[in-house]
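Biologist: Hey, I've just opened this one for the first time. Could you walk me through it?

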Amino acid sequence: KPASAGGKGKGGGASPAEPDCSNGAAFDIRVGKIVEVGRHPDAETLYLEKIDVGEPEPRQIVSGLVKFVPIEQMQGALVLVMCNLKPAALRGITSFGMVLAASIENHTKVELVKVPEGSKPGDRVSFPGLVGVAPAEIPKKKLEKLLPGLHTDASGKVLWNDTPLTLPSGQPYSAWPNAHVS
């Protein structure tokens, strides 16, 4: 007989269908390289990108960055991509993730989060000191609770609450201190 996990029968923990998304370790954030970018055919404020995140094929991502980031700055850029969001149709085109950008409080200025020199597509962000495994897809209600924790500190380093986002090459950052990241 297998040993008991210490529970008292049913209801003794999180079910496999309900992943533990209690902290930033639930995010699957990877470095991506924008290999193709153009305007969304049906929306003036959206870009349609193909981003290499270290998978066999580039991911299709739709981003609302047209007003803030010139297309020339997007093409070939190394960016951070949140990869475990539920695919979402934006003006009829499915997006399989989100490019992370920093914005000031009134959202009039937005810039791509920068990755440290030496970063390469597929590098994964870790959250030192946080325990958890990123699920294939973060449930929307959990995402809505976790996302506000992404921000920059007084020096522009990207954090989730007080935990630094960390790559093998260093810490992602923004030119803007105390900015919201999403």
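Biologist: What does E55 form a salt bridge with?
Modeller: With R59, and the closest N and O atoms are 2.9 Å apart. A salt bridge here is a side-chain nitrogen of Lys or Arg within 4 Å of a carboxyl oxygen of Asp or Glu. Keep in mind that this is a predicted model: local features need pLDDT of at least 70 and side-chain atom pairs count only at pLDDT 80 or more, while totals for chains, interfaces and linings use all residues. Residues are numbered from 1 along each chain as its sequence is written, and side-chain values use heavy atoms, with hydrogens and water left out.

Biologist: Is R59 buried or exposed?
Modeller: R59 counts as buried, at 15% relative accessibility, whereas E55 is partly exposed at 27%. Buried means under 20% relative accessible area, exposed over 50%, and partly exposed in between, using a 1.4 Å probe and protein chains only.

Biologist: Which residues are linked with those two in a network of salt bridges?
Modeller: The network links E55 and R59 with D28, R30 and R124. The side chains of D28 and R30 meet at 2.7 Å, N to O, and D28 also meets R124, at 2.8 Å.

Biologist: Where do D28 and R124 lie?
Modeller: D28 lies in the segment before strand 1 (29-39) and R124 in the loop between strand 9 (110-112) and helix 2, so the pair ties together parts that are 96 residues apart in sequence. Helices (H or I, at least four residues) and strands (E, at least two) are DSSP runs numbered from the N terminus. D28 is buried at 9%, R30 is buried at 7%, and R124 is partly exposed at 49%.

Biologist: How many salt bridges are there in the whole structure?
Modeller: A search of the whole structure gives seven.

Biologist: Switching topic: how many aromatic pairs are there?
Modeller: The count is one. For a pair, rings of Phe, Tyr and Trp (its six-membered ring) need centres within 6.5 Å; planes under 30 degrees apart count as stacked, over 60 as edge-to-face and the rest as tilted. F27 and F127 have ring centres 6.4 Å apart and planes at 45°, so the pair is tilted. F27 is in the segment before strand 1 and F127 in the loop between strand 9 and helix 2, 100 residues apart. Both F27 and F127 are buried.

Biologist: And the sheet, what order do the strands come in?
Modeller: Five strands form an open sheet in the order 3-2-1-4-7, with antiparallel pairing. Two strands pair if DSSP finds at least two bridges between them. Strand 3 and strand 7 stand at the edges with a single partner strand each, so one side of each has no neighbour in the sheet. Strand 1 pairs with strand 4 (residues 78-82) over five bridges, and V31 has L80 as its bridge partner in strand 4.

Biologist: How much space lies in the largest pocket?
Modeller: About 580 Å³, where a volume is the space filled by probe spheres set on the points, and grid points are joined across faces, edges and corners. Of the 27 residues lining the largest pocket, V62, L85, L90, G97 and M98 are the closest to its centre.

How values were computed: 1 Å grid on protein atoms, 1.4 Å probe; cavity = no way out; pocket = protein on both sides within 12 Å on 5 of 7 lines; lining within 4 Å.
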